[in-house]
Amino acid sequence: MSYCASLAWEQAVTNKNKLHTLVYHATREQFGLGAQLACCARDKAAEAVRAARSNGSDTCPTFTTDRSIRYDARTYRLMSLDRVSLNTMQGRVVGQLVLGEYQRTRLYDTTWKIGGAELIRRDGVWYLHITQTKANPTPSEPTGVLGVDLGIVNLVSDSDGEQYSGEQVKRVRERRFKHRQRLQKRNTRRARYRLRQLARKEARFAKDTNHVISKSLVEKARRERKALALEDLTNIRKRGTVRKAQRREHSSWAFAQLRAFIVYKAALAGVPVQFVCPRNTSRTCSVCGHCDKHNRRSQGHFQCGVCGHTANADTNAAINISRAAVIQPLVLRPTGEERAQAAAL
Ligand SMILES: [Zn+2]
């Protein structure tokens, strides 16, 4: 792969077919790769070079032997009794998959088509990430809109006044943050190892939380036959009114992931999703429409300066979002849905 990438880099080729003519024979002869593995290596190299170029990087990407290996339908095969056969440079290798409950259900669910896979090694354990696809159901005609506000204290508030997660998540993250700071100060080898461990733990925690929240939110919209309305998240970092102490929590939470989970779970459930402009959603009164930044008295409290309406600030924002969606429907209907899943070998 490194060889493919260096050639692609030198000759400025990111097209897979063009790269193919450059490297195919060399990879087969010099490195003894099988025909299919040579193609997978070429594809990965081409993608890496293209990504590096679009990031403005000025060095060629390299791959260590521990890097992940791409498999397609021709280079790996799932077999009975949870075994998998993989093409390697030493011929075919059969491995035993260790499947969790979730992975098993999905792999044996024939409505999910099995696609390519990626083999990854971490801490001496091999993981096989298998991609499965399923066509989205046609979204049903919604009877209303459920506005969704993503925030700091409450990760998600909807326009019915329901809030998802909050204090407990905040406490866990606060504790981890302090722990991280202590380790950063110590800066020993052991501390750096612990930091990496902690970062992975944090990412798992965020992912689990995001799964739970997005699941119950989408489930509610499906039950009530409503569309979901979300703020366009590209602006969440730019919203200037976030106080400094909150900024850390705000940008470090995996909001993009949370939104992605909501979008794909909604697509699977046939719930339409609409994106609305986030402008003024938190400072406009949801009763009389008066817009003033002083309306938001504090992080959690909203009080209108004109009609005197009081509400939870996040709920008020979520109501505004649901209204914006009705006025300006931007329906997003992704056509295909991808789920990657991991099984330890
Ligand atoms: Zn008002």
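Reply: Begin with strand pairing: two strands pair if DSSP finds at least two bridges between them. Keep in mind that this is a predicted model. Here E2 and strand E3 (residues 83–88) pair in the antiparallel sense over 4 bridges. In that pairing, tyrosine 76 stands opposite leucine 86 in E3.

Me: Which residue in the hairpin of E2 and E3 takes a positive phi?

Reply: Leucine 81 does, with a phi near 60°; the hairpin has 3 residues between the strands.

Me: What is the strand order of the open sheet of 3 strands?

Reply: The order is E2-E3-E4, and the pairing is antiparallel. An edge strand pairs on one side only, and here the edges are strand E2 (76–79) and strand E4 (91–96). From one strand to the next, the twist averages 20°. As a general point, side chains in a regular strand alternate between the two faces of the sheet.

Me: How many helices and strands does the protein have?

Reply: There are 9 helices and 15 strands. Of the 345 residues, 28% count as buried. Contacts can also be sorted by separation along the chain: among those between residues at least 6 apart in sequence, 64% join residues at least 24 apart.

Me: How do I read a helix pair, and at what angle do the axes of H6 and H8 cross?

Reply: Take the distance and the angle together. The axes of helix H6 (residues 189–223) and helix H8 (residues 255–269) come within 9 Å and cross at roughly 40°. That angle makes H6 oblique to H8, since angles under 35 degrees would count as roughly parallel. The crossing of H6 and H8 is right-handed.

Me: Which residues of H6 and H8 meet?

Reply: On the H6 side they include Lys207, His211, Ile213, Leu217 and Val218. On the H8 side they include Leu258, Phe261, Ile262 and Lys265. By class, the residues of the contact of H6 with H8 divide into 9 nonpolar, 4 polar and 4 charged.

Me: Back to backbone angles. What is the phi of asparagine 187, and where does this residue lie?

Reply: A positive phi is worth noting when the residue is not a glycine. Asparagine 187 has a positive phi of about 50°. It lies in the loop between helix H5 (167–186) and H6. Asparagine 187 counts as exposed because it has 9 C-beta neighbours inside 10 Å, and the cut-off for exposed is 12 or fewer.

Me: Is threonine 133 buried or exposed?

Reply: Threonine 133 is exposed, because 12 other C-beta atoms lie within 10 Å. Threonine 133 belongs to strand E6 (residues 125–135).

How values were computed: Residues are numbered from 1 along each chain as its sequence is written. This is a predicted model: local features need pLDDT of at least 70, side-chain atom pairs count only at pLDDT 80 or more; totals for chains, interfaces and linings use all residues. Helices (H or I, at least four residues) and strands (E, at least two) are DSSP runs, numbered from the N terminus. Axes are lines fitted to C-alpha atoms, for helices over the stretch in contact, and angles run from 0 to 180 degrees between N-to-C directions. A residue is buried if 20 or more other C-beta atoms lie within 10 Å of its own, exposed if 12 or fewer, and partly exposed in between; C-beta atoms are placed from the backbone. Two residues are in contact if their C-beta atoms, placed from the backbone, lie within 7 Å. Angles under 35 degrees count as roughly parallel, over 145 as roughly antiparallel, 65 to 115 as roughly perpendicular and the rest as oblique. A crossing is left-handed if the near helix is turned anticlockwise from the far one by less than a right angle, and right-handed if clockwise. Ala, Val, Leu, Ile, Met, Phe, Trp, Tyr, Cys and Pro count as nonpolar, Asp, Glu, Lys and Arg as charged, and the others, Gly among them, as polar.
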